[in-house]
Amino acid sequence: MKTIFEPFRIKSVEPIRMTTRDERRELLREAHYNLFSLQSKDVLIDLLTDSGTGAMSANQWAAIMRGDESYAGSPSFDRFVAAVGNLMPFEHIIPVHQGRAAEAILFSILGGAGNNIPSNTHFDTTRGNIEASGAIAHDLVIAEGNDPASLHPFKGNMDLKRLEAYLGEHGDTVPCVMLTITNNAGGGQPVSLENIRGVSKLARDFGKPFIIDGCRFAENAWFIKSREPGQGNRSIPDIVRDCFACADGMTMSAKKDGMANIGGWLALNDPDMAEQARARLIQTEGFPTYGGLAGRDLEAIAQGLEEVVDEDYLRYRVATNDYIIARLDELGVPVVKPAGGHAVFVDARQWLPHIEPLAYPGQALVCGLYETGGIRSCEIGSVMFGRQPDGSETPAAMELVRLAIPRRTYTQSHADYIVEVFAELAEVRTELRGFRIAQQPRLLRHFSCSFEPLGGGNAVTADDAGVLQLPRRTA
Ligand code: F0G
């Protein structure tokens, strides 16, 4: 079957307001070329994140009506714990309002000055929570994980040799070993079951708790089933259980593979750690039978966890990325390969070589995609990582643009449209201009800094011609 068969029909729709290129040019200027400042009503296809932006099912909405909002002892909590425990057999399951809250609680226990915490690649909120506790976060992904062109099937794998040396070197200062599945910061690349077992064995040999950041566990399990020798005939829930049986705990954002718009959890086996976590939870999130969530959110997650391990869903999910990547590849757009689980990553440095890294080629592409076709994407390069603690600028390792695909939200027509916008941009890519940052906050600047296009006149005046001097074809 060539068509991507979306395994659902649509019961409820959200209108998308069509905009023109002239409107978008003006909106971009008003947003100072930072797409976080745009209103979502002005976006045609929103690929800023796959987090909390998916469509819920009819059964999830039905479950929401069943939500019991009791402060303590809600049956919605029991259903939530049963659904999580069915896939992730941990002793203590502690709800939180989203993934970073689980991280904050975990590192209030395991972080602290002088500690070192390894992972394949820490996601930025994980790193932020580790560093806020005074500890240091280290990334030990395999070399292929940093090579956009490598076709290794599990580019999210931890480098086990480096991990072993690291554990030997840092000894008692390592409070736990982490692993992110899939490896979001590394392009949504999966980790093999063999590698998860290898990390688990090393952690056990060195007496360290092993904690999985499981945000996209179902996508990871799909890749294990479809790419790892010997796994092809197993069910997704079985593979998921095997992955988490290797670990001593997990952090989770239910906004990803929980198929919900909000929520998360921290799970642990160790009773002492769980007690400390619950004490902190009550301080910062809420009573342990609801965390920071409403009972109805717990219901949506419990139902979402049943749906996310469905093979027809996962096949469609990954097929969408494969489809976009194959077509971008045909157009000569350099993309991170093979396809990851939740997003398409474009290598902007390679595609726009006329723009210096510190003139932000990723931001140029992000603005070009919006002006040309109303697509909102996210720069993951020197805008996000270039500013150093002393205020200086260093180019990031890669200049990527992430097109994150919300779950069950867009169709194959939308995927075709995305490709069409790239085709139009391909014709004029050498005319895209770089940017300079006009104003920025001290931390996490990518969310709120303002930009000015380089060259070609003063881009922030009303008579400016826009980011692109282009023929105008796309609506
Ligand atoms: N871990 C990973 C791997 C993530 O991708 C995220 C969020 C978090 C933890 C934090 O979870 O948002 O619920 O607090 N990633 C989103 C993204 C924001 O766009 O990739 P959260």
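A: Let us begin with a cut-off: a residue is called buried if its relative accessible area is under 20%, and exposed if that area is over 50%. Please keep in mind that this is a predicted model.

Q: Which way do the residues of E9 point, and are they buried or exposed?
A: Ala343, Phe345 and Asp347 point one way from E9, while Val344 and Val346 point the other way, and all of them are buried. Because five of the five residues of strand E9 (residues 343-347) are buried, the strand is largely enclosed by the rest of the structure.

Q: How many bridges join E9 to strand E12?
A: In general, strands of a sheet pair through backbone hydrogen bonds, and they do so either parallel or antiparallel. Here, five bridges join E9 to strand E12 (residues 400-404), and the two run antiparallel, with Val346 standing opposite Val401 in E12.

Q: In what order do the five strands of the open sheet come?
A: The order is E2-E8-E7-E6-E5, with mixed pairing. Strand E2 (92-96) and strand E5 (177-180) stand at the edges with a single partner strand each, so one side of each is left without a neighbour in the sheet. From one strand to the next, the twist averages 15°.

Q: What joins E5 to strand E6, and which helix lies across them?
A: Four bridges join E5 to strand E6 (residues 210-213), and these strands run parallel; Val177 has Phe210 as its bridge partner in E6. Helix H7 (residues 193-205) lies across E5 and E6, and runs at about 150° to E6.

Notes
Residues numbered from 1 in each chain as written. Predicted model: local features only at pLDDT ≥ 70, side-chain atom pairs only at ≥ 80, totals over all residues. Heavy atoms only, no water. Pairing = 2+ DSSP bridges. Axes fitted to C-alpha atoms, helices over the stretch in contact; angles between N-to-C directions. Contact = heavy atoms within 4.5 Å. Buried < 20%, exposed > 50% of the residue type's maximum accessible area, 1.4 Å probe, protein only.
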